[in-house]
Each structure stands twice: as C-alpha cells, then as structure tokens.
Amino acid sequence: MTANAKDESKPSFEVSFDRLEEIVKVLESGQGTLDESITLYEEGMACLKCCHDLLKKAEKKIQLLMTDEEGKPYLQDFTGADTSDSESS
Amino acid sequence: MKDFGGPAEPLSVSELNRRVKRIIEGRFPQVNLVAETSGVRLTPAGHLFFSLKDDQSEIRAVLWKDRVRKLTFDLEEGLEVIVRGALRVFQKRGTYQVEVQEIVPKGIGALQLAYKQLFARLEREGLFHPSQKKGLPRFPMKIGLVTSPTSAAIADMLRVLFRRAPRLKVLVAPVRVQGEGAANEIASAIRCLNRNVAQLDLLIVGRGGGSPEDLWAFNEEEVARAIFESQIPVVSAVGHEIDTTIADHVADRRAQTPTEAAEISVPDWNQILSELDQRKHSLRMAFQGRIVRDQDRLVALSQHPVLLRPLEGIQDRVQAVEELALDLRRGLGLARDRARGRLEVLESRPVLVRPLDGVAERLRDLERSSDRLNREAFLRIEKMRNRLEGLQGRLESLSPRSVIQRGYSLTTTQEGNVVMDASTLEEGQKVRTCLARGEFESRVETTQLSASKAAGALSDVDISAPGETP
C-alpha cells in the first residue's frame, strides 16, 4: 500500500490511454514540425509504456477487510467464494 | 343513599382504582383495535405516546421504547393502523390506556409503508437527484465489494470481474446482508472502505435475490446515507431485476443483478489491450507516415534543377551580364558618335567661323535705320508746325476782341458775367461795357424782353468767326 502513494505521481492508466489517442490524432493530422513530431512520438511511446507498466504491476488479488477485537481493520487474503456455494439466493 | 352504598363500608380512592384495575385488566388482557393515530409524541426517553381514535371516541396509547426501535415505518399523524395490545389502568390517576404490543398500518404492509415514507423523505432531501451521481471510473484497478463473503452473489461477481479484468485487486468487506444489524454492518463497511488507504476506484454494494424482508437492509436509511456520503462511486446490485431498493436509488449506478454489477464496473481488459495495441500501431504508422512524407518532399526537392545543376543558373547569369556589358559598350559608342556628329555640325556654322561678320552688317543696318528715322521725324515736325500756325490764325479770329474790333461791344455785370439776356438785369444795376477802344460803366434804366430772332441770331453770329459765317 506504500507503493500506492508512489503511483500518485505517475499518470493513471486512463490519462496515459487518452493522451496516447490524442497524440496519434495529432500525428495523423501531419501538423507540426519534425521536431514536434519526434517529441510527440516519444511521448506516445512513453504513454504506451506507462499503460503496460501499470498493467504489468497490477496483479489479481482478493483480500478481506477484517476487524480485530478492538474494532481495528486489517486485511486478510481471501481464498473462498471463487467456487460457487449458496446462501440466500 | 343506601341504594348507592353497596357494601356498607366506604372505599378509599386507591382501593377503588385497584379494584377497577383488577377487573379491567383481567377482562381485557388483549385487545385488537382498528383506529387512526392522533397526537403522536416521542418522549425524550424514546417512548411513543399517542391517541387511537375513530369518529366518535378516543383512547390513550403508549408504545414503549424497545418496541419503538423495532418499528420499521414512521408512526405518522392520522395513520390508519391495526393495533394489538393490552389495557392498562394507571392506578394513581384513575386513567387507562392501551399498551401497544404490535402496530401495523392498515391495508398496506409495514415494510411497504416504511419504504414509501423513507423514499419520500430522501427524495425531498435530494439524495436521488441525478446531479448527485458520480461517474464510474473507466479503468478501475481496485474494487471494493460490500456483500456476504459466502454467497453465490460474491462468487458470481468475482468470476465476472476476473474474467474481464484478470489483474484486478478486490477488497471484500464481509457483511451480513440480512437480519438484525445487517444494515448497520453494510453502512459501516461502506464508511470503512472510504477511509481505507488502498484508495479503491469503485464499490459494489449488494447481494443476491431474496424475499422483500431479506432485502430489507438495503431499504434502510443508514445504508442509504452511507452510500450517499461515499466518496468512492457506488454500484448497487441488490436481488433480481424486479427488486428495487432505496440503495439502488441512492447509488451512483444501479445494476439489476450482482453479475451485471461486475460487468458494468470493469471494462473487458482483453478489449483494452487490443485497443492499446491498435494505438501503438497507429502511433507508429502516424509517425512513419510523417517521416515518409518528409522523405518524399526531400527527394522531390533533391530532383530540383537548381540542386541537380547548380552552376547552370550562374552561367546563365554570367552570360547575361556579359551581354549587358556588350550592349552598354555599343550604346556608349553610338552616343559618342552621335555627339561628335552634332559637334561637327555646330563647328561648321558661319557664326563660329567668322563671328564679326554679322555685327558689322548689323551696325550698318542700324545706321541706315537711324537716318531714315531722323528724316521722317523732321518732316513730321514741320507738318505739325504748319498745322499749328493755321490753328492759331483761326483761333485769333474767334477772339471776342477781334469781334469788338469790328464794332461790337460786350456788356458784363459787375461780377464779370456777359449779359446776354435783358431779363437777367434789374433796374439800377450797374453794368460794364467793353468797346473796341476803352470801356464804360452804365446803369440799367429799363429792360425790354424781346423774343427777336435777330438778337438770337446776332448772338450766334457773335460766337462764330465772322469770316466763316455766310
């Protein structure tokens, strides 16, 4: 969860994803100087990398939010419920 | 008096009330009433005091606080109710009232009424207003589930969530979703997940299908408020399609079932990944396209004659300059020749060859002209002199004096005016008369007006020169 704080400074997947689309549009329009195009291309590649990094770093995890006797919350890995069992349905 | 007495001994008030209490409470251990509520009052201690009435009578009633807490609906004024309870006599005051054990609205289920009442109240407060809805994140990475950890619903949700987003993080807040205290657990879990440092992108709150009573926790105000106050967007997923709870109305997005909640909460990452690949491809193509276009332009430019034969232009210009120089030279020669020709013509003119010839001739001309002028002037003066002499003779012959010489006289007044009309004279006036020789003064004796033509004619003659008069 400390890693989470680090994520804050980095753009989110959504921001990178949208920026990438924007960059492709600008490049396709053929506007701007060659220098600007190179800068955009590099930024686009960085956005791509950012998206893939975010995805790579993400991993499947299920946790239970539990509370101890004093009412303090803590997390516990969750193993059940992947296979269906039934209650009141 | 004895008729009223009954037992001989009079009773105390306390004794009477005690006997009434025993009789009434023994006779009415249980009453079932249909009535309308009135004068509902919640005491600070939490008991409800009110009246039950019909169109003619009323009776006091009380609902003690442990039963008030279990009341699902609001006991409103004028509510048609069915009450089960017992009659209780308040011995100290000699009054009696209904101690309510159960109270339900008439003609409508208690839960149904409670739902209606809460819905109306929360709607008035604006909790359902579209402007209060938060948008769902497009790419949630961490999701919180508020549901029972052992239900089929959670299994369904996890299955769909991980099928669509295999790398999702899910935090489950396990709660009871029905029964006593369920609403409180659900509300606490929502608040707890909001405080959680994991910074969830989205919450799904729900459970599988069940009876209206099973779903009741999601109709409670506490849950509604927790959902409303959540900073994290909330998707509700309660029961089946036909069930709509208060939680569904407050949630930012309502899913009809837990499975649908999972589907609308996360995108299909396989699709996102292929979209990302597509964008990567587009990025490369767009950039390459740009480079290729630039290259094409470069090639086109390099084919330009200026670059292929760079000296051609220069040679052309050198030649042009030389031609200009030639032209210039030729032009200069012509101009010089023309100037020289004109100079020669000028030099050959007599005035320049013998410059004094003309002057001498002019001098001679001038002398000739001067002689002629002198001669003419002399002749003209002679002529004028002769004419002048002639004029002088004529002028002398016209003089009054020469007229007087011929015997006429001239009479003038003392002022010197010539007397020509006798009527201008007065008697006794002095006049002066000039004669050929000498003059005399005289005094007018009489005047005589004469229209004689002769006199006029004479005057005329007087003026004209005698010689010239016929």
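**View 1. Strand pairing between β1(A) and β7(B) in the predicted model.** Strand β1(A) runs parallel to strand β7 (residues 169-174) of chain B, and the two are joined over 4 bridges. Strands are DSSP runs of E with at least two residues, helices are runs of H or I with at least four residues, and both are numbered from the N terminus; two strands pair if DSSP finds at least two bridges between them. L64(A) lies opposite V172(B), a residue of β7(B). This is a predicted model, in which local features need pLDDT of at least 70, side-chain atom pairs count only at pLDDT 80 or more, and totals for chains, interfaces and linings use all residues. Residues are numbered from 1 along each chain as its sequence is written, chains are lettered from A in the order in which they are written, and side-chain values use heavy atoms, without hydrogens and water.

**View 2. The salt bridge of R279(B) and E21(A).** The two side chains meet at 3.4 Å, N to O. A salt bridge places a side-chain nitrogen of Lys or Arg within 4 Å of a carboxyl oxygen of Asp or Glu. Between chain A and chain B the count is 3 salt bridges.

**View 3. The side of chain A that touches chain B.** α1 (2-9), α2 (13-29), α3 (34-57), β1 (61-67) and β2 (73-77) of chain A each supply at least two residues. The largest share, 11 residues, comes from α3(A).

**View 4. The contact between chain A and chain B.** Here 48 residues of chain A are in contact (heavy atoms within 4.5 Å) with 49 residues of chain B.
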